[in-house]
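Q: Hey, can we go through this structure together? I'd like to start with the charged side chains and then move on to the strands.

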Amino acid sequence: MSIRDANPVDPRHPKRVAIVIANPAVSSTTGWPVGFWWSELTHPWFAFTERGYSVEIFSPDGGRCEADALSDPRDPSGYSATDLISLGFISSPALAALVDKTLPVAALDVEKFDAIVAAGGQSPMFTYQHATELQRKFVAFHDAGKTAAALCHGTALLLHARRADGSLLAAGRTVTGFANVEEDYADKATWDMGALERGRHLMPWRIEDELKAIGANYVQAGLWRGFAIRDGNLITGQQNFSGAETARLVCEALGG
């Protein structure tokens, strides 16, 4: 793929997508640094730019963002070693630099974009509750008839994104997000490695439980299965392996 020789759906009026990644934070449960997840940025980026879409990267506060270490294909753990799309993105100085200078969500002009995609990682679980401008812009996209998508732990914002009448955007909607079986798997893995005391959890709460609690129709495809679902112009992806599926539904919603 060459981003210089894309195949736009409409070269004169390319679709514009805003991808939001989380700012760095510190986990209140482990004390570890947390951030966004590489594949949840890079896989949608690849899918969108392949179609000639224009993509910009934002974060709630703007500025330099940091990825969760396990999402980096170069990490010694080898956890994401097969993620060649992320490796290619990181290896491009021009693309990697975009993560160092993200635009603040406050500067995101809803009228100028066709879709918003809120990526996940661990940081959203500790920061999106307070990302009120992101919540507001996400709802603004949705209520303007534009495409609003959230992926993996990025769906944490749905627990706080309210419409003008005060109702939660996700209430009564069919959605997905990081599943309990995946949280169980992640917890056990850290216990088995001795990285976390057995019985302690990586996350302070769980996406699946909380989405159900607010009245959303939560669905999932099973442990680590790539999966995304569309309910009108609201799109959600299950976890870090669902970036391509989420992007595909966004592209369908945008007409190609």
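Predicted model: local features only at pLDDT ≥ 70, side-chain atom pairs only at ≥ 80, totals over all residues.

Q: Okay, is Arg198 buried or exposed?
A: Arg198 is exposed, at 55% relative accessible area. Asp192 is partly exposed, at 45%. Buried means under 20% relative accessible area, exposed means over 50%, and partly exposed is in between (1.4 Å probe, protein chains only).

Q: How many salt bridges does the structure hold?
A: It holds 14. One of them joins Glu66 and Arg64, whose closest N and O atoms are 2.7 Å apart.

Q: Which residues are linked with Glu66 in a network?
A: Arg64 and Asp100 are linked with Glu66 in a network of salt bridges. Glu66 is partly exposed at 37% relative accessibility, and Arg64 is partly exposed too, at 48%.

Q: What does Asp231 pair with?
A: Asp231 meets Arg173 in a salt bridge, 3.5 Å from N to O. Asp231 lies in strand 10 (residues 228–231) and Arg173 in the loop between strand 7 (147–151) and strand 8 (174–175), so the pair ties together parts 58 residues apart in sequence. Strands are DSSP runs (E, at least two residues), numbered from the N terminus.

Q: And is Arg173 buried or exposed?
A: Arg173 is buried, with a relative accessible area of 13%, whereas Asp231 is partly exposed at 22%.

Q: Switching to strands: which way do side chains point in strand 11?
A: In strand 11 (residues 234–237), Leu234 and Thr236 point one way, Ile235 and Gly237 point the other way, and all are buried. In a regular strand, side chains alternate between the two faces of the sheet.

Q: Which strands does strand 11 pair with?
A: Strand 7 runs parallel to strand 11, with 4 bridges joining them. Strand 10 runs antiparallel to strand 11, also with 4 bridges. Two strands pair if DSSP finds at least two bridges between them.

Q: What's in the turn between strand 10 and strand 11?
A: The two strands form a hairpin with 2 residues between them, and Gly232 in the turn has a positive phi of about 65°.

Technical notes
Residues numbered from 1 in each chain as written. Heavy atoms only, no water. Salt bridge = Lys/Arg side-chain N within 4 Å of Asp/Glu carboxyl O.
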